[in-house]
Amino acid sequence: MTDSTAEPEAPDGTTEPAPRKIHDLTPRSLRGLAHPLRMQLLVSLRKDGPATASQLADRLGESSGATSYHLRQLAAHGFVEDAPERGKGRERWWQSAHQGTRLDDSLMSDPDPAVRGAVAVYLYEVATFHATEHSTWIGTQHDWPAEWIESSDTSDYTLRLTPDLTAELSGKIEELIESYRERAVDVSHPDSARVRLHTHIFPTHYTE
């Protein structure tokens, strides 16, 4: 799975955005990321842009000491980096080093229980963020033009499939989404906005 909360945008007057940078999680980097506050910090930097530890503390309702510590831990594992063009004097600005993270399926069955536990924390936090994001949209949708409300979607489906068919379905959904990346418009395009898509595909014990 890929968790992407930011996309590089093409500057005004261009047609192609910068290539996306995706961080492929390893057992070590996963353990460095799998902490609720660290994941919130990374999401905030990707979604809202570079910030100082104090600004992030205000955004997230945490102490600047806590955000500063966890930012350094994220930096040690390659998730965040300095944003020197934003710094003034002793003020240290941080930015995300990538636009997204990718979790390889093999980590879910890693023989090390600490890695499997980190996967669980990571996935739980991603799911929580998705739920919060969706709830925010529902609560604020009437602030958007009617065209955006009509083009949005909240649906769920149930199919009886094999693991192979489920993997095929997941792959085709990803291919379809990637095909629209080629059609993405630049930031100067009128009536454009960042659009978020969530996918959740999993088996259940529901009876038919």
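## Helix packing and a pocket

Helix H2 supplies the largest share of the lining of the second largest pocket, namely 7 residues. The model described here is predicted.

### The pocket

The second largest pocket holds about 260 Å³ of space. It is lined by 15 residues, and those closest to its centre are Met 39, Gln 40, Val 43, Leu 60 and Phe 129. Two or more lining residues come from each of helix H2 (36–48), H3 and helix H5 (113–140). Sorted by class, the lining of the second largest pocket comprises 6 nonpolar, 4 polar and 5 charged residues.

| Helix pair | Angle | Axes apart |
|---|---|---|
| H2 and H4 | about 80 degrees | 10 Å |
| H3 and H4 | about 115 degrees | 8 Å |

H2 and H4 pack at an angle of about 80 degrees. H2 is therefore roughly perpendicular to H4, as angles of 65 to 115 degrees are counted in this way. On the H2 side, the contact is made by Leu 37, Arg 38, Leu 41, Leu 42 and Leu 45. H4 contributes Ala 66, Thr 67, Tyr 69, His 70, Leu 71, Gln 73 and Leu 74. The residues of this contact of H2 with H4 are 8 nonpolar, 3 polar and 1 charged.

Helix H3 (residues 53–60) also packs against helix H4 (residues 64–76), and the crossing of H3 and H4 is right-handed. Here Ala 53, Ser 54, Leu 56 and Ala 57 of H3 meet Ser 64, Thr 67, Ser 68 and Leu 71 of H4. The contact of H3 with H4 consists of 4 nonpolar and 4 polar residues, with no charged ones.

Definitions and conventions. Residues numbered from 1 in each chain as written. Predicted model: local features only at pLDDT ≥ 70, side-chain atom pairs only at ≥ 80, totals over all residues. Heavy atoms only, no water. Axes fitted to C-alpha atoms, helices over the stretch in contact; angles between N-to-C directions. Helix = DSSP H or I, 4+ residues; strand = E, 2+ residues; numbered from the N terminus. Left-handed = near helix turned anticlockwise from the far one by under 90°. Contact = heavy atoms within 4.5 Å. Nonpolar A, V, L, I, M, F, W, Y, C, P; charged D, E, K, R; others polar. 1 Å grid on protein atoms, 1.4 Å probe; cavity = no way out; pocket = protein on both sides within 12 Å on 5 of 7 lines; lining within 4 Å. Points joined across faces, edges and corners; volume = space filled by probe spheres on them. Parallel < 35°, antiparallel > 145°, perpendicular 65-115°, else oblique.
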